[in-house]
Amino acid sequence: MSRTALRICPLCEATCGLTLTIEGTKVTGARGDREDVFSKGFICPKGASFGAVDGDPDRLRTPLVRRDGELREATWEEAFDAVAAGIRPVVERYGANSVGVVLGNPNVHTMAGALYPPVLIAGLGTRSLFTASTVDQMPKHVSSGLLYGDANAIPVPDLDHTDHLLLIGANPLESNGSLCTAADFPGKLKALKARGGTLTVIDPRRTRTAKLADRHIPIRPGTDALLLAAMAQVLFEELLVEPGESAPHLEGLEELAEAVQDFTPEAVSAACDVDASLIRTLARELAAAPTAAVYGRIGSCTVPYGTLASWLVDILNILTGNLDRPGGALFPQAATDRTPRPAGPGHGFRLARWHSRVSRHPEAKGELPLSALAEEIDTATAQGEPIRALVAVAANPVLSAPDGDRLDKALDSLDFMVSVDPYLNETSRHADVVLPPPPPSQSPHHDFAFNTLAVRNQVRYSRPAVPLEPGRMAETEILARLTLAATGMHGADPSAVDDLVIGQTLGKAVTEPHSPVHGRDPHELAAALTGESGPERRLDMMLRLGPYGDGFGARPDGLGLARLLAHPHGIDLGPLRPRLPQPLKTRSGRIELLPQPIADDLPRLREGLKRRPDELVLVGRRHLRSNNSWMHNVPALTGGTNRCTLHIHPEDAERLGVRDGAPVRVKGAGGEVTAPAEVTDGVRRGVVSLPHGWGHDRPGTRLGHAATDPGVNVNQLLDGSLLDPLSGNAVLNGVPVELAPVTPR
């Protein structure tokens with residue numbers, strides 16, 4: 001007999017509500033939850049395939065431990081014994097930094113991934129932290145940190161109310177949005193146009209989003225910051241700067257005007273391959289719109305000037321009066337955010353508090369560049385010990401980081417590696433211990449990270465739709481036990497991790513004058529927490545201390561876990577609202593428009609005006625039915641247009657002798673790959689495109705379906721030397737390549 005259960009989809013950043021159909025313990029169907037307060041029934045192909053993802057027969061079901069060179073099934077006790085025996089001797093002999101931690105993209109899509117890695121990293125005391133952020137979004141975190149004093153204070157476009165939306169390097173019709181959590185992003189863009197609004201897309205590819213736009217501008221890859229700087233210059237030159245309500249909170253407006261004065265539309269036009277008159281039109285339309293928002297995403301982040309481009313996105317919103325304004329770009333307020341503190345100066349945001357050992361890359365937001373992971377393992381220096389042990393949580397850097405071949409070899413040289421992963425993939429196959437989490441239907445879900453980026457304030461929570469299978473271990477318990485084993489507390493009850501965090505959090509909260517629990521007994525507060533598990537108690541604590549919380553009785557109508565459980569489709573907390581100056585944590589307490597690291601990097605951008613364009617450059621792409629390397633093992637999400645082909649413009653194909661469907665060799669600084677050509681005018685001349693997340697052809701993996709159509713690893717074309725200097729983000733787009741047709745022997 002079938003039943004239904006509600007579940008928030010964890011397969012992309014849209015976080016849609018699902019209604020699952022379950023036969024026994026198997027998910028047999030998924031449809032959109034029409035009563036969900038956020039998604040209102042929207043569903044994409046990934047969500048519709050939830051059951052296939054959940055029931056993938058290649059998912060690991062028991063831990064694996066390497067014995068005599070082979071990974072073999074083991075008990076959970078044997079696995080954690082091996083973790084403790086593998087990591088602790090490395091820490092004790094070589095120091096904490098000799099243990100690296102790698103956090104992958106799926107990590108942020110689970111409750112466990114949000115709650116436990118910070119405790120693990122703090123317990124280890126390591127500075128060798130690498131995450132998917134530095135092959136994706138770190139420039140936005142850095143620019144926000146420098147502007148607002150908080151790397152996580154990222155304003156998002158008010159999609160439901162704006163009159164004018166300018167997207168640069170973003171393709172939300174296929175990504176569903178990123179750093180802007182919006183269920184039914186496509187529907188919101190169509191609604192914008194239906195109410196008479198304007199959509200402009202700046203992208204070297206004519207994506208599905210670009211096809212929907214009123215205007216598509218096929219910019220030369222990597223020149224986003226130049227175009228945005230020229231738009232800012234026009235605003236100053238033509239006296240169109242009107243900061244509006246944010247004006248009292250700004251610092252450095254005159255200095256900013258001087259800093260961008262050289263970037264005239266005429267100066268940048270040739271580099272961007274965009275007419276100067278069009279650049280002026282873009283700036284004037286942005287200034288004239290009743291409300292407007294500029295939104296940049298991965299195409300503007302994964303380029304040589306990624307942080308400058310991300311900074312300029314916000315600068316344009318500020319200069320036109322659209323920051324912190326309905327219909328513009330606003331700061332979301334998540335239910336689990338910390339108790340809002342009174343506005344005023346904060347500690348600010350600092351870069352380069354430490355550096356990587358080999359290439360001396362500066363730290364950003366506590367992280368080192370993922371591009372540097374291989375050299376931090378395989379290169380000896382006088383600056384300290386190399387990484388000798390690695391903890392990888394939901395990470396597949398062999399495919400996601402530049403030069404996977406080098407990293408592949410480096411992982412083999414480690415003294416010890418543990419991977420938390422449901423698959424034996426291109427990275428986890430190197431591990432000495434693999435700890436497989438259960439499928440998503442057997443896990444609870446709350447979006448700690450994505451709710452801080454949502455286009456509407458709301459809160460939702462899903463308990464597991466299906467009980468844990470016998471022999472399975474909850475992902476929260478896996479990460480708690482891993483933390484204990486790695487930090488010298490092996491064998492302690494995993495609840496100790498939750499109790500530690502609860503004690504520390506409440507102990508601090510009662511000392512803060514602005515806290516709703518100031519002066520109260522933290523032990524009594526801890527005893528008042530509800531929930532069936534440590535993670536639920538922590539969620540209850542965060543909700544009750546948060547901006548909408550009940551303050552442990554101080555606000556009777558406020559939030560807590562009990563109230564949230566009584567609303568299975570979620571609780572709507574209302575549209576985004578102006579919040580300045582409360583989010584600001586800069587040392588000045590104001591928006592610092594021209595922070596010194598930005599000012600110091602602008603001469604490099606000026607040098608970009610003189611750079612001769614490369615003849616042929618590479619950009620990435622993704623498909624609606626894919627999410628990095630996650631889902632190529634699910635038949636329902638592969639095939640059709642979701643193929644690993646090289647997009648090339650017809651004129652470039654003719655010039656190079658490339659035929660549609662024929663193999664073509666692509667060569668970059670890091671190596672070469674061969675992929676079938678797909679001749680299309682959907683990509684501009686001088687640009688070719690390969691999707692990322694492919695390359696499932698390495699031995700020792702257990703990805704049966706993915707291996708039948710492995711594709712090629714686009715990141716093998718990169719040698720890891722190209723980074724945005726402020727953020728350490730890998731340059732993945734706009735990199736020069738050479739092409740040659742493969743001639744039959």
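In helix α19, the buried residues (under 20% relative accessible area, with exposed over 50% and partly exposed in between, for a 1.4 Å probe and protein chains only) are E475, T476, I478, L479, A480, L482, T483, L484, A485 and A486. This is a predicted model, where local features need pLDDT of at least 70, side-chain atom pairs count only at pLDDT 80 or more, and totals for chains, interfaces and linings use all residues. Residues are numbered from 1 along each chain as its sequence is written, and side-chain values use heavy atoms, with hydrogens and water left out.

**Helix α19**

- Ten of the twelve residues of α19 are buried, so the helix is largely enclosed by the rest of the structure.
- Helices (H or I, at least four residues) and strands (E, at least two) are DSSP runs, numbered from the N terminus.
- Helix α19 covers residues 475-486 and reaches 16 Å from its first C-alpha to its last.
- That is close to the 16 Å expected at 1.5 Å a residue; the expected span is 1.5 Å times one less than the number of residues.
- Just after α19, G488 takes a positive phi of about 85°.

- Strands of a sheet pair through backbone hydrogen bonds, either parallel or antiparallel.
- Two strands count as paired if DSSP finds at least two bridges between them.
- Strand β2 (residues 17-23) is joined to β3 by six bridges.
- L20 has A30 in β3 as its bridge partner.

**The seven-stranded sheet**

- Another open sheet runs β26-β21-β25-β22-β24-β23-β27, and its seven strands show mixed pairing.
- At its edges stand β26 (735-736) and β27 (738-741), each with a single partner strand, so one side of each lacks a neighbour in the sheet.
- Strands β22 (residues 646-648) and β24 (residues 671-679) run parallel, joined by three bridges.
- I648 has V679 in β24 as its bridge partner.

**Around D314**

- D314 sits in helix α15 (residues 306-319).
- Its relative accessibility is 2%, so D314 counts as buried.
- Leaving aside neighbours within four places in sequence, D314 is in contact (heavy atoms within 4.5 Å) with K140, L147, Y148 and P155.
- A polar contact is a pair of N or O atoms within 3.5 Å; within protein, one must be able to donate a hydrogen and the other to accept it, and residues adjacent in sequence count only if both atoms are side-chain atoms.
- The D314 side chain makes such a contact with the side chain of K140, at 2.7 Å.
- The side chains of D314 and Y148 also make a polar contact, at 2.6 Å.
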